[in-house]
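Subject: Structure handover

Hello,

Here is the structure I said I would pass on. Please open it alongside this message, and my notes follow below.

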Amino acid sequence: IKNKKKRPPGPKGIPILGHLLLLGENPTQDFHKLSLKHGPIMYLKLGLLPTYVISSPESAEKILKTYDHVFASRPHNETAQYISYGQRNLIFSKYGAYWRNMKKLCTVHLLSNMKINSFRSTRSEEIALMIKAIKDVARGHGRVAVDLSAQVSSLSANLSCLMVFGKKFMDEDLGKRGFKSLVQEVTQLAATPNLGDVFPFLGVIDLQGLTRRMKDTAKVLDEFVEKIIDEHVHDVDQKKNKDFVDTMMAIMQSGEAEFQFDRRHVKAVLLDMLVASIDTSSSSIEWMLSELLKNPDIMKKLQIELEEVVGLHRMVEESDLENLKYLNMVFKESFRLHAAAPLLLHEAMEDCMVDDFCIKKGSQVIVNAYTVHRDPNYWPEADKFLPERFLESNVDVRGRDFQLLPFGSGRRSCPGMQLALIIVRLVVAQLVHCFDWKLPNDMQPKDLDMSEQFGIVIGRANHLMAVPTNRLQHK
Ligand code: HEM
């Protein structure tokens, strides 16, 4: 009984608001600083919502493995409801039979190795288009800078749209607001702390206007997806390569899903796939390129590996990836320092003792991968970018090693990891192989700004600009 009452340490809060005022523009960093003071299991009260912040590999293992069955649910997200057709998607769905069925369906039919491989030539064509556009800039003989952030974000959106909808969308599509900005608005709104989540009685009042904005955005997106589904229903048999809309509609029409599965479920999952894939992949690529520009010796070493494995007469292919060992090390180190979604949001489905502390049913449990990835017991000189630390180590990003969790671990871990591993490594390898890069205006690598912009995905605060010169010896 005594243990059941024991609460983890945490800062002193104030009545009603609890610890809300301790969180500023970048909650990941705020949690990080607080946990250095209060320990790996820290208690905070965000408004009325009891929250436990988990910050060490050992305590993360307890949450995501030992007691995964208790912590596999998601906390309520007032804003996100409206884009998920009443929690019919995966990301924000509560744990239960529906989520289990839907996750299985997505893993088997949308994100399997076979399905991912069926889009191999699409990836290759789209990446080649980006490289061609950069080559045109590189004709300026080392004088003109490329907006790498814009290039990569557009590539990532195109890759996701082709896979999900079977076609690309331009900025001018979807009326005045533009397709990409609309998808970005969804992630932005879902990430903005909503008072309705921490003071449930404020949910209906919508003081911040977030719900209203999300409803508006959701309506436009819904009309857009409806139109795409209709187009697919009309010419379903004409394509060899089935995109996600074809696949989901076929499952719906066949009735093979063992749970209720109608058009709302199809739309919820399609939007899930877009929202979960576009910014995570592009930010990860941006951060990896930023680190390479900041560390020219590491960039050079990677180029030497590419020269040895691929040669200077052709571009990188997906089949090369398994032979690029140093690329893999650079990739792990970049995901360690710049996990795209470092706050893993979970909810306790029952009371649970973790170490000496009782985590109460209904509480929010946040695993902060940002702090876990900097634990000095596992990561000496944790703030430095040192890919060589993986030289003699088997530590991997797949969720087996709790000191490195960029894709989470356990039941709620990322089902798109395999696809992300391919896209991020391939795009970075291609850019580094095809071009030499330097920072614009004689900027020194050490001066490159690495500020973060907080959101569901942590991106760069400023666009990454760099000057390319051609490297390959073919036209
Ligand atoms: C570099 C790219 C990516 C990163 C870093 C990433 C990371 C993550 C993380 C950290 C989670 C939450 C894990 C947790 O709560 O414990 C997650 C969930 C998820 N990811 Fe990814 N992801 C990436 C790409 C993708 C892609 C390409 C897709 C699909 C096309 C995808 C689909 C999802 C979905 C559907 C979920 C929700 C799973 C659930 O709640 O059951 N992700 N991802």
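This is a predicted model: local features need pLDDT of at least 70, side-chain atom pairs count only at pLDDT 80 or more; totals for chains, interfaces and linings use all residues.

The ligand shell

There are 24 residues around the ligand, and Ala276, Ser277, Gly408, Cys414 and Gly416 come nearest. Helix α13 gives the largest share of this shell, with seven residues. Both α13 and α17 supply at least two residues each. By type, the shell consists of 14 nonpolar, seven polar and three charged residues.

Cys414

Cys414 is one of the residues that come nearest to the ligand. Is Cys414 buried or exposed? Cys414 counts as buried because 23 C-beta neighbours lie inside 10 Å, and the cut-off for a buried residue is 20 or more. Setting aside residues within four places in sequence, Cys414 is in contact with Phe407 and Gly408. Of these, Gly408 is also among the residues that come nearest to the ligand.

Helix α12

Helix α12 covers residues 244–254, and Phe244, Val245 and Met248 are buried in it. Viewed down the axis of α12, the buried residues fall within an arc of 100°, so they line one face of the helix. Which helices cover the buried residues of α12? The cover includes α5 (97–110), α8 (148–164), α11 and α13 (263–294). Just after α12 comes Gly255, with a positive phi of about 75°.

Val225

One of the helices in that cover is α11, and Val225 belongs to α11, which runs over residues 210–234. Val225 counts as buried because it has 20 C-beta neighbours inside 10 Å. Apart from residues up to four places away in sequence, Val225 touches Lys267, Leu270 and Leu271. The C-alpha atoms of Val225 and Val266 are separated by 9.7 Å, and these two residues are 41 residues apart along the chain.

Regards

Notes. Residues are numbered from 1 along each chain as its sequence is written. Helices (H or I, at least four residues) and strands (E, at least two) are DSSP runs, numbered from the N terminus. A residue is buried if 20 or more other C-beta atoms lie within 10 Å of its own, exposed if 12 or fewer, and partly exposed in between; C-beta atoms are placed from the backbone. Two residues are in contact if their C-beta atoms, placed from the backbone, lie within 7 Å. The arc is that of the directions from the helix axis to the C-beta atoms. A residue is near a molecule or strand if its C-beta atom, placed from the backbone, lies within 6 Å of it. Ala, Val, Leu, Ile, Met, Phe, Trp, Tyr, Cys and Pro count as nonpolar, Asp, Glu, Lys and Arg as charged, and the others, Gly among them, as polar.
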